[in-house]
Amino acid sequence: MDRKAFLSHLLILLLLISGGQCEVKLFIENQCSYTVWFAANPADGDANAEKAPGTLEIFIMPDTWSGSIWARTKCSNNESFYFSCETGDCNLGSVDCQGPPNPPTYPATFLNLGIDKSVVTYEVSLNHGFNVPMRIRPDGGSLTGGSGSGPCPVVDCIADIGNVCPPELVATNKDGAYVGCNSACDALKDPKYCCTEGQACQPNQYSQAFKKVCGLAHTYPADNNPPLYKCTGAISYNITLCPL
Ligand SMILES: *[C@@H]1O[C@H](CO)[C@@H](O)[C@H](O)[C@H]1NC(C)=O
Ligand SMILES: *[C@@H]1O[C@H](CO)[C@@H](O)[C@H](O)[C@H]1NC(C)=O
């Protein structure tokens with residue numbers, strides 16, 4: 001092969017490789033000691049939402065996708081085969097969350113993602129409380145879109161919020177056992193926590209209690225500390241439930 005032909009082959013190869021890198025890949029691993037049921041809104045077409053401890057799954061995401069990923073806990077069918085979960089339930093009576101986008105049953109730790117080609121905006125949000133510890137770690141990549149510079153940071157909430165959950169926010173199952181911690185907005189329905197009052201949205205004693213143990217998560221609707229990161233060029237985004 002002459003030099004020119006070699007170079008053009010190399011160019012095609014490089015284009016193929018970089019074309020492949022455009023797709024956003026999520027690795028989602030359940031390191032919890034218990035089974036969880038993945039859920040996403042909009043639905044991601046996952047055929048088997050039930051993930052035993054140790055499950056690692058790869059998702060190739062659409063070119064553009066904007067939505068939330070969370071874990072449902074303690075799910076089961078009742079005698080008439082109506083499927084429901086103690087936290088994060090999709091309220092559809094079935095394992096898959098396909099259907100009209102119902103708000104899930106809170107509390108649930110949310111991973112919010114905005115995918116626009118190779119740029120991924122990500123946050124861990126406690127705006128609807130906390131059920132399962134979660135971390136997102138971009139593999140490589142760099143910050144873009146005015147969200148900072150340098151490597152794409154890890155964002156997580158891995159402390160068990162249950163230990164600091166104020167009694168008025170505790171979520172329980174029908175037997176009265178703790179299942180998660182509600183956000184102040186969801187539990188107390190006070191517009192000042194939901195930031196629906198029109199005035200500037202401020203941190204409050206509840207969001208501050210969350211912040212103390214989960215400093216990298218967003219803890220009230222206007223929380224911008226850390227900023228909403230936008231990452232480009234990461235090989236994958238590793239999402240871990242109950243990281244060890
Ligand atoms: C199962 O749950 C559904 C929804 O809550 C309810 O309508 C139905 O009656 C339940 N079935 C039994 C046998 O408890
Ligand atoms: C992301 O997960 C994959 C698959 O488990 C692993 O090979 C890779 O090293 C991880 N990267 C980071 C930065 O954790």
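**Close-up views of the predicted model**

View 1. Lysine 74 is exposed, with a relative accessible area of 58%, where exposed stands for over 50%, buried for under 20% and partly exposed for the range in between, computed with a 1.4 Å probe on the protein chains only. Lysine 74 belongs to strand β5, which spans residues 64–77, and its phi is near 50 degrees, a positive value in a residue other than glycine. Phi of cysteine 242 is likewise positive and near 50 degrees, and this residue too is not a glycine. Cysteine 242, however, lies in the segment after β15 and is buried, its relative accessible area being 14%. Strands, here and below, are DSSP runs of E with at least two residues, and helices are runs of H or I with at least four, both numbered from the N terminus.

The structure is a predicted model, in which local features need pLDDT of at least 70 and side-chain atom pairs count only at pLDDT 80 or more, while totals for chains, interfaces and linings use all residues. Residues are numbered from 1 along each chain as its sequence is written, chains are lettered from A and ligands numbered from 1 in the order in which they are written, and side-chain values use heavy atoms, without hydrogens and water.

View 2. Helix α4 is formed by residues 205–213, and within it Tyr206, Ser207 and Phe210 are buried. These residues lie on the same side of α4 because they cover an arc of only 95 degrees around the axis, the arc being taken over the directions from the helix axis to the C-beta atoms. Gln205 and Lys212, on the other side of α4, are exposed. The cover over the buried residues of α4 includes strand β13 (178–181) together with helices α2 (184–188) and α3 (191–194).

View 3. Tyrosine 106 and proline 107 are joined by a cis peptide bond with omega at about 5 degrees, and proline 107 is placed in the loop between β6 (83–87) and β7 (110–116). A cis peptide bond also links asparagine 225 to proline 226, here with omega at about 0 degrees; the loop that holds proline 226 runs between α4 and β14 (229–232).

**View 4. Serine 147 and its surroundings.** Serine 147 sits in the loop between β10 (142–143) and β11 (155–157) and is buried, with a relative accessible area of 8%. Although serine 147 and lysine 230 are 83 residues apart along the chain, their C-alpha atoms are separated by 5.9 Å. Apart from neighbours within four places in sequence, serine 147 is in contact with Pro227, Leu228, Tyr229 and Lys230, contact meaning heavy atoms within 4.5 Å. A polar atom of the serine 147 side chain lies 2.8 Å from the backbone oxygen of threonine 144, and a polar atom of that side chain lies 2.9 Å from the backbone nitrogen of lysine 230. Polar contacts are pairs of N or O atoms within 3.5 Å.

**View 5. Threonine 240 in strand β15.** Threonine 240 is part of strand β15, residues 236–241, and counts as buried because its relative accessibility is 4%. Once its neighbours within four places in sequence are left aside, threonine 240 is in contact with Glu29, Gln31, Pro133, Met134 and Arg135.

**View 6. The residues around ligand 1.** An oxygen atom of ligand 1 lies 2.3 Å from a side-chain N or O atom of asparagine 78, and a nitrogen atom of ligand 1 lies 2.6 Å from an N or O atom in the side chain of serine 80. Ligand 1 taken alone exposes 360 Å², of which the protein buries 39%; the areas follow the Shrake-Rupley method with a 1.4 Å probe.

**View 7. The residues around ligand 2.** Phe27, Leu56, Arg137, Asp139 and Asn238 surround ligand 2. A nitrogen atom of ligand 2 is 2.9 Å from a polar side-chain atom of aspartate 139, while an oxygen atom of ligand 2 is 2.3 Å from an N or O atom in the side chain of asparagine 238. Of the 360 Å² that ligand 2 exposes when taken alone, the protein buries 53%.

Note on methods: Near = heavy atom within 4 Å. Polar contact = N/O pair within 3.5 Å; in protein donor to acceptor, adjacent residues only side chain to side chain.
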